[in-house]
Amino acid sequence: MESNRIRFKNITKRYDDKLVIDNLSFNIEKGEVFGLLGPNGAGKSTVISMLCGIVAIDKGDIDVQGYSVIKDSKKVKSFIGYVPQELALFENLSILDNLNYFAGMYGLKGKVKKERINEALQVTALEEQRKMKVKKLSGGMKRRLNIACAIMHHPEILIMDEPTVGIDPQSRNHILEFALDMNKKHGMTIIYTSHYMEEIQKICNKILVIDNGKEIISGTKDDILKSVINETTIDVKLMDNRPEIINRLKKLQGVSEAYYDESLKVLVASNQYKIEDVLKTIKENEGYILNISINEPNLETVFLSLTGKKLRD
Ligand SMILES: Nc1ncnc2c1ncn2[C@@H]1O[C@H](COP(=O)(O)OP(=O)(O)OP(=O)(O)O)[C@@H](O)[C@H]1O
């Protein structure tokens with residue numbers, strides 16, 4: 001149903017002369033955990049900012065549950081909880097004061113306001129620290145407070161823009177579990193942007209991969225992984241990374257790419273390569289193998305095989 005989805009319709013954005021989003025169209029269905037994946041500068045934050053009505057769309061439109069972002073921006077904003085990439089908090093105020101401020105912005109009052117603040121503290125596990133000033137909190141706690149501030153009005157759509165950048169593993173897991181929980185318990189649509197493919201693989205049931213403001217591939221995780229003909233990565237740790245090995249490996253049957261990224265990575269079409277050929281080539285070029293692992297396809301290898309680039313910096 002149209003009224004149950006978010007429709008990005010041929011959206012385009014330029015900053016000065018630079019085309020940042022290039023005629024991009026896709027849908028997000030209600031209740032999905034939707035992952036927007038792409039390397040730094042791909043255009044993820046720009047897409048999100050246009051959905052939230054923060055950045056103007058040059059061409060095209062976004063429909064949110066039947067309402068246009070351009071024509072009914074106030075209505076669209078009422079559906080959305082937005083956790084921005086940059087922290088938006090008052091450093092000199094306590095956690096509680098920050099929540100009070102944002103609850104007031106959403107028009108919450110009296111008993112409901114108190115209940116929602118308590119709920120936000122609870123789901124982000126910040127109850128004990130409620131009286132602490134923001135400037136005294138760890139990076140992970142600040143991130144969680146940023147999320148708490150975005151959910152008090154019970155949004156139908158929760159947008160999290162790279163919410164786990166630069167935080168400790170415990171807070172990272174907490175944020176991932178929190179997103180899944182909100183989706184399961186409240187049917188909240190989650191839009192999650194990241195350049196960490198493990199996170200997107202872990203929590204998202206639909207994925208759009210973009211680069212240079214264009215779609216690279218989209219679908220369920222399984223669809224995407226299957227679409228790239230069974231590409232497997234052989235990861236070889238060598239005593240010395242000898243450059244001449246790369247060219248020799250690239251000439252072998254079934255090998256589509258070989259490069260060093262700390263260790264030696266050899267991308268091969270599954271079933272079309274012979275592991276003994278790879279090992280022989282390394283040995284013949286005086287490579288001394290310390291360790292070897294064979295990895296089935298993941299979103300990182302999909303991205304690499306489609307664009308020739310790595311997802312991360
Ligand atoms: N206000 C702006 N003025 C000019 N250029 C901008 C502006 N905001 C973003 N850009 C450019 O637009 C492109 C897309 O940026 P965007 O922040 O959307 O990418 P991203 O995928 O979110 O990257 P990251 O993972 O680094 O946040 C980049 O080349 C960026 O330099």
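Q: Which residues are around the ligand?
A: In this predicted model, they are Tyr15, Val20, Gly38, Asn40, Gly41, Ala42, Gly43, Lys44, Ser45, Thr46 and His195.

Q: Which helix gives the most to the shell around the ligand?
A: Helix H1, residues 44-51, does, with three residues.

Q: What makes H1 largely enclosed by the rest of the structure?
A: Six of its eight residues are buried, so the rest of the structure largely encloses H1. The buried residues are Lys44, Thr46, Val47, Ile48, Met50 and Leu51. Lys44 and Thr46 are also among the residues around the ligand. Glycine 53 follows H1 and has a positive phi, near 75°.

Q: Why is lysine 206 called buried?
A: The cut-off is 20 or more other C-beta atoms within 10 Å. Lysine 206 has 20 within 10 Å, so it counts as buried. This lysine 206 is found in strand S9, residues 206-211. Its C-alpha atom is separated by 38 Å from that of asparagine 241, 35 residues apart along the chain.

Q: What share of the residues in the protein is buried?
A: Buried residues make up 35% of the 313. The C-alpha atoms fill a box of roughly 75 × 45 × 40 Å along the principal axes. The secondary structure comes to 11 helices and 14 strands.

Q: How do H3 and helix H5 pack, and at what angle?
A: H3 and H5 (residues 139-151) pack at about 30°, with their axes 9 Å apart. Angles under 35 degrees count as roughly parallel, so H3 is roughly parallel to H5. The crossing of H3 and H5 is right-handed.

Q: What makes S6 and S10 edge strands?
A: Six strands form an open sheet in the order S6-S7-S8-S3-S9-S10, with mixed pairing. Strand S6 (80-83) and strand S10 (214-219) each pair on one side only. The twist averages 15° from one strand to the next.

Q: How do you know that S7 and S8 pair?
A: Pairing takes at least two bridges. Strand S7 (residues 157-161) and strand S8 (residues 189-194) are linked by five, in the parallel sense. Within this pair, isoleucine 159 stands opposite isoleucine 191 in S8.

Q: Why do S12 and S14 stand at the edges?
A: The four-strand open sheet has the order S12-S13-S11-S14, with antiparallel pairing. S12 and strand S14 (289-295) each have a single partner strand, so one side of each lacks a neighbour in the sheet. On average, neighbouring strands of this sheet are turned by 15° against each other, direction ignored.

Q: How do you know that S13 pairs with S11 and with S12?
A: The test is at least two bridges. Six bridges join strand S11 (residues 231-238) to strand S13 (residues 263-269), and these strands run antiparallel. Six bridges also join strand S12 (residues 255-261) to S13, again antiparallel.

Q: What is the bridge partner in S13 of isoleucine 234, and what is that of alanine 258?
A: Valine 266 is the partner of isoleucine 234. Valine 266 is also the partner of alanine 258. Elsewhere in S13, leucine 267 stands opposite glutamate 257.

Q: Which residue takes a positive phi in the hairpin of S12 and S13?
A: Glutamate 262 does, near 65°. The hairpin has one residue between the strands.

Technical notes. Residues numbered from 1 in each chain as written. Predicted model: local features only at pLDDT ≥ 70, side-chain atom pairs only at ≥ 80, totals over all residues. Helix = DSSP H or I, 4+ residues; strand = E, 2+ residues; numbered from the N terminus. Near = placed C-beta within 6 Å. Buried ≥ 20, exposed ≤ 12 C-beta atoms within 10 Å, placed from the backbone. Axes fitted to C-alpha atoms, helices over the stretch in contact; angles between N-to-C directions. Parallel < 35°, antiparallel > 145°, perpendicular 65-115°, else oblique. Left-handed = near helix turned anticlockwise from the far one by under 90°.
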